[in-house]
Amino acid sequence: MIVAITREVSPSIARCELTHLTRHEIDVEVARSQHLQYEKILMDMGCHLRRLPPEPNLPDSVFVEDTAIVLDELALVTRPGATSRREETRGVAEVLREYRTIFHIVSPGTLDGGDVLQIGRTLYVGKTGRTNESGVDQLMELVSPYKYKVETVEVEGCLHLKSAVTLVGENTLLINKSWVDPKRFGSREYIDIDPMEPYAANALLVGDQLVYPASFPKTLRRLESKGLSVRVVDVSELQKAEGAVTCCSLIFEKSLPINIELDA
Ligand code: CIR
């Protein structure tokens, strides 16, 4: 069974962190109904939803992706790069404990889940304002006994690695080449975003289906023309908070694998 952790939109989302965007008024009610629609799509796709209550004093708390990295063998609770977001991890960690053994990134390390792109047993980590060297070193130390490789990737012009590149098929990437170099991901096939839609590289892959924002119709056509199955959702109000579709959930297989072999 696939589990999706989400958290209701905070009533204080208007005070969210913004790095590359200008602040525009966010309609909280619209944001909530868009988020509900997003959750409904996840349920339609077969996810078991674990919905956390809203956090009135944590404006960005709907973006649960940044608070944890969930692997088959363990979960890593992050220490988000933005100070205003550090408290978000607590509620998420409590739920994750039901499914995985938990480890924590500790000071002085910082790491945002939006900077970690897992492809098989490689974790690509964006070098951004949110993730520092200590965060990457701690990640490496925690996951290398489980035979994961960690590769850092230069990112320019956007918030997180996954603003610039996400996985849209088993071995296919959706990428904004102005923000990240596709060669960093080896010889994988990739789909370019439409240059008129710079924020269009963030798609959420659940099984073999994609959740994708309604606001990037040109890139959507490129995905559909490749035969990908896409569920479209309007997340315009969450996009004003510099959010996207991957950041509103933590998605993982419920069951733990057996016979984990650790390195000596
Ligand atoms: C932030 O700046 O932290 C939030 N306003 C947006 C976080 C989006 N998270 C993500 O893409 N993983």
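Me: How many bridges join strand E7 to E8?

Reply: Strands are DSSP runs of E with at least two residues, helices are runs of H or I with at least four, and both are numbered from the N terminus. Two strands pair if DSSP finds at least two bridges between them. Here six bridges join E7, residues 122-127, to E8, and the two run parallel. Thr122 stands opposite Lys149 in E8. This is a predicted model, in which local features need pLDDT of at least 70 and side-chain atom pairs pLDDT 80 or more, while totals for chains, interfaces and linings use all residues. Numbering starts from 1 along each chain as its sequence is written, and side-chain values use heavy atoms, leaving out hydrogens and water.

Me: What is the strand order of the open sheet, and which strands are at its edges?

Reply: The order is E6-E7-E8, with mixed pairing. E6 (116-119) and E8 (149-154) are the edge strands, each pairing on one side only.

Me: Which helix packs on this sheet?

Reply: Contact means heavy atoms within 4.5 Å. Axes are lines fitted to C-alpha atoms, for helices over the stretch in contact, and angles run from 0 to 180 degrees between N-to-C directions. Helix H3 (residues 133-143) touches E7 and E8, and its direction makes about 160 degrees with that of E8.

Me: Which polar side-chain or backbone atoms lie 2.8 Å or 2.7 Å from the ligand?

Reply: A side-chain N or O atom of Glu65 is 2.8 Å from a ligand nitrogen. A polar side-chain atom of Arg85 lies 2.8 Å from a ligand oxygen. For Ala241, a polar backbone atom is 2.7 Å from a ligand nitrogen.

Definitions and conventions. Polar contact = N/O pair within 3.5 Å; in protein donor to acceptor, adjacent residues only side chain to side chain.
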